[in-house]
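Please find below a colleague's note for a reader who is new to this structure. It is set out as numbered points, to be read beside the sequence and the model.

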Amino acid sequence: MYLNHIVEAIGNTPLVKLNKVTEGIRGTVLAKVEYFNPGNSVKDRMAFKMIEDAEKAGLIKPGGTIIEGTSGNTGMGLALAAIAKGYKCIFTMSDKQGKEKQDILKAVGAQVIVCPTDVAPTDPRSYYSVARKLNAEIPNSFYPNQYDNLSNTAANYESTGPEIWTQTDGKVTHLACGVGTGGTICGISQYLKEQNPNVFALGLDTYGSVFKKYKETGIFDETEIYPYKTEGIGEDILPQNVNFDLIDMFLKVSDQDAAVMTRRLAKEEGLFVGWSCGSAVHGALEYAKEHLKEDDILVVVLPDHGTRYLGKIYNDDWMREQGWL
Ligand SMILES: Cc1ncc(COP(=O)(O)O)c(C=O)c1O
């Protein structure tokens, strides 16, 4: 038995019990380990679907170019889809992302353009604006726009959600997931809530992001926006994939708490995962300490792999420089 292409290995990732970091917590905490996808992240799912849906809609033609602003993981998924289907890729990325992420994308054939982080999304230098400009200039190019492209949510509604439901025999009571574009949490939450409306969805946000305040007050507060270090979650925009009705509550997790928990996941659970996985688990456990009951089953989504953070949170010197070790 073999697969005809590596993209056929996307999905059906394992659900693994957390045993040590959960000490003192009632209930069961299970991790959906998304680095088992071929591009090592949950984003393979939505990247492949955005391209398939674009083909069906006639938005990209043979020989076309995929252009996207990406923190790396979506780019990897798009690059795999492009290799499978014969497209070129150009990715814009903010300069706060690890160098590893750029090199990984180049390794799978993409062109990478690095843009400044500390400019407004509307600034012509931002990675959002540069991607849009290239899309306007390059013929037969397709800009998936993971933030507002609802194929992103749909991919997780069609695959990740049903997997979690089946893997827990329909017993899952809580979902915890970091929120960037919102596609992962909203796709899973929509599916789980359709099966059982009592499933509680906890979104993990960063300090420096607008989501939590927006959920609680309906106010888009620009004073909430400031630079932070965690990669992949939190936003200074409201993406269309974030459906606030599908997220019951937000908690913010600091860069340091996330980094420390990520390193614990590697050492204590054998899960060599990415930085936002620490955000998700730290926030999930904070919630679980107060609210989880004996029979509850909380599923926390771990989006990506540790290799992308070797120069940062898995580097002791870097951790010391931050004052986090
Ligand atoms: C490492 C990492 N964690 C979490 C997320 C957030 O997932 P979503 O964009 O589906 O909200 C992303 C998305 O870019 C990511 O790259």
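Predicted model: local features only at pLDDT ≥ 70, side-chain atom pairs only at ≥ 80, totals over all residues.

1. Residues are numbered from 1 along each chain as its sequence is written, and side-chain values use heavy atoms, with hydrogens and water left out.

2. The protein is divided into domain 1 (6–36 + 159–322) and domain 2 (43–142), with bounds that come from an automatic or database domain assignment. Between the C-alpha centres of domain 1 and domain 2 the distance is 24 Å, and the contact takes 27 residues from domain 1 and 19 residues from domain 2, where contact means heavy atoms within 4.5 Å.

3. Domain 1 and domain 2 bury about 1,700 Å² between them, with 49% of it on carbon and sulfur atoms; buried area is the accessible area (1.4 Å probe) that two parts lose on being put together, summed over both. On the side of domain 1, V7, I10 and R308 supply 37% of the area buried against domain 2, more than any other three residues.

4. Across the interface of domain 1 and domain 2 there are 3 salt bridges, each being a side-chain nitrogen of Lys or Arg within 4 Å of a carboxyl oxygen of Asp or Glu. A salt bridge also joins E163 to R45, whose closest N and O atoms are 2.9 Å apart. Helix α5 (residues 151–167) provides 3 residues, the largest share of the side of domain 1 that touches domain 2; helices (H or I, at least four residues) and strands (E, at least two) are DSSP runs, numbered from the N terminus.

5. In helix α4 (residues 127–137), the residues Y127, Y128, S129, V130, A131 and L134 are buried, where buried means under 20% relative accessible area, exposed over 50% and partly exposed in between (1.4 Å probe, protein chains only). These buried residues of α4 pack against β3 (65–69), β4 (88–94), β5 (111–115) and β6 (141–142).

6. A search of the whole structure finds 0 disulfides, a disulfide being a pair of cysteine sulfur atoms within 2.5 Å. C115 is in no disulfide, and the nearest cysteine sulfur, that of C89, is 16 Å away; C115 counts as buried, at 3% relative accessibility. The sulfur of C186 is 8.7 Å from the closest cysteine sulfur, in C177, which is too far for a bond, and C186 is buried with a relative accessible area of 1%.
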